[in-house]
Amino acid sequence: MLRSSGMLGRAIEHSKQTFGEEHPRTLDVQTSLADVFRSTGRLEEARVLGERTAEGLRRAKSLASEETLTCLNNLALVYQDRGEMGKARDLYARAVAKAPNNAEPLNNLGSWYYAQGEFDE
């Protein structure tokens with residue numbers, strides 16, 4: 001994973017220089033790097049990068065774009081891993097509200113409710 005994060009970091013820098021800091025390509029690579037950070041337990045770095053990327057995607061695209069929904073879903077996973085369950089639930093719910101037919105955030109929200117023992121939601 002260290003090789004992956006290093007290559008993604010270089011890709012982000014290249015994309016920033018080529019396209020700009022808030023270009024959708026740059027932001028998509030940042031989403032990938034934030035996910036690598038989460039996967040390797042670097043949760044604070046994942047949170048910071050995920051929040052910054054989600055805000056950039058919201059401005060560059062829209063809250064309902066597939067890339068933004070993926071970023072929000074991944075950020076919710078970070079919050080869940082950090083024990084910030086309310087923040088995780090809120091992001092899953094936002095993603096589901098914007099794209100009710102997107103299986104990933106819908107599945108994660110359902111799993112969140114199940115893990116919390118909230119079976120009637």
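This is a predicted model: local features need pLDDT of at least 70, side-chain atom pairs count only at pLDDT 80 or more; totals for chains, interfaces and linings use all residues.
1. The H5 and H6 crossing is left-handed.

2. On the H5 side, the contact is made by Met-85, Ala-88, Arg-89, Tyr-92, Ala-93, Ala-95 and Val-96, which meet Pro-105, Leu-106, Asn-108, Leu-109, Trp-112 and Tyr-113 of H6. By class, these residues comprise 11 nonpolar, 1 polar and 1 charged.

3. A second pair is formed by helix H3 (residues 43-60) and helix H4 (residues 66-81), with an angle of about 155° and axes 9 Å apart. Angles over 145 degrees count as roughly antiparallel, and H3 and H4 are therefore roughly antiparallel to each other. Their crossing is left-handed.

4. H3 contributes Leu-43, Ala-46, Arg-47, Gly-50, Glu-51, Thr-53, Ala-54, Leu-57 and Arg-58 to this contact, while H4 contributes Glu-67, Thr-68, Cys-71, Leu-72, Leu-75, Val-78, Tyr-79 and Asp-81. The contact of H3 with H4 has 9 nonpolar, 3 polar and 5 charged residues.

5. The count of cavities of 30 Å³ or more is 1. The largest cavity holds about 40 Å³ of space.

6. Which residues line the largest cavity? They are Ala-34, Asp-35, Arg-38, Gly-50, Cys-71, Asn-74, Leu-75 and Val-78. Helix H2 (24-39) and H4 each provide at least two residues of this lining, and H4 gives the most, with 4 residues. The lining divides into 4 nonpolar, 2 polar and 2 charged residues.

Methods: Residues are numbered from 1 along each chain as its sequence is written. Side-chain values use heavy atoms; hydrogens and water are left out. Axes are lines fitted to C-alpha atoms, for helices over the stretch in contact, and angles run from 0 to 180 degrees between N-to-C directions. Angles under 35 degrees count as roughly parallel, over 145 as roughly antiparallel, 65 to 115 as roughly perpendicular and the rest as oblique. A crossing is left-handed if the near helix is turned anticlockwise from the far one by less than a right angle, and right-handed if clockwise. Contact means heavy atoms within 4.5 Å. Ala, Val, Leu, Ile, Met, Phe, Trp, Tyr, Cys and Pro count as nonpolar, Asp, Glu, Lys and Arg as charged, and the others, Gly among them, as polar. On a 1 Å grid over the protein atoms alone, a cavity is a set of points where a 1.4 Å probe fits but cannot get out, and a pocket is an open set with protein on both sides within 12 Å along at least five of seven lines; lining residues have an atom within 4 Å of a point. Grid points are joined across faces, edges and corners, and a volume is the space filled by probe spheres set on the points.
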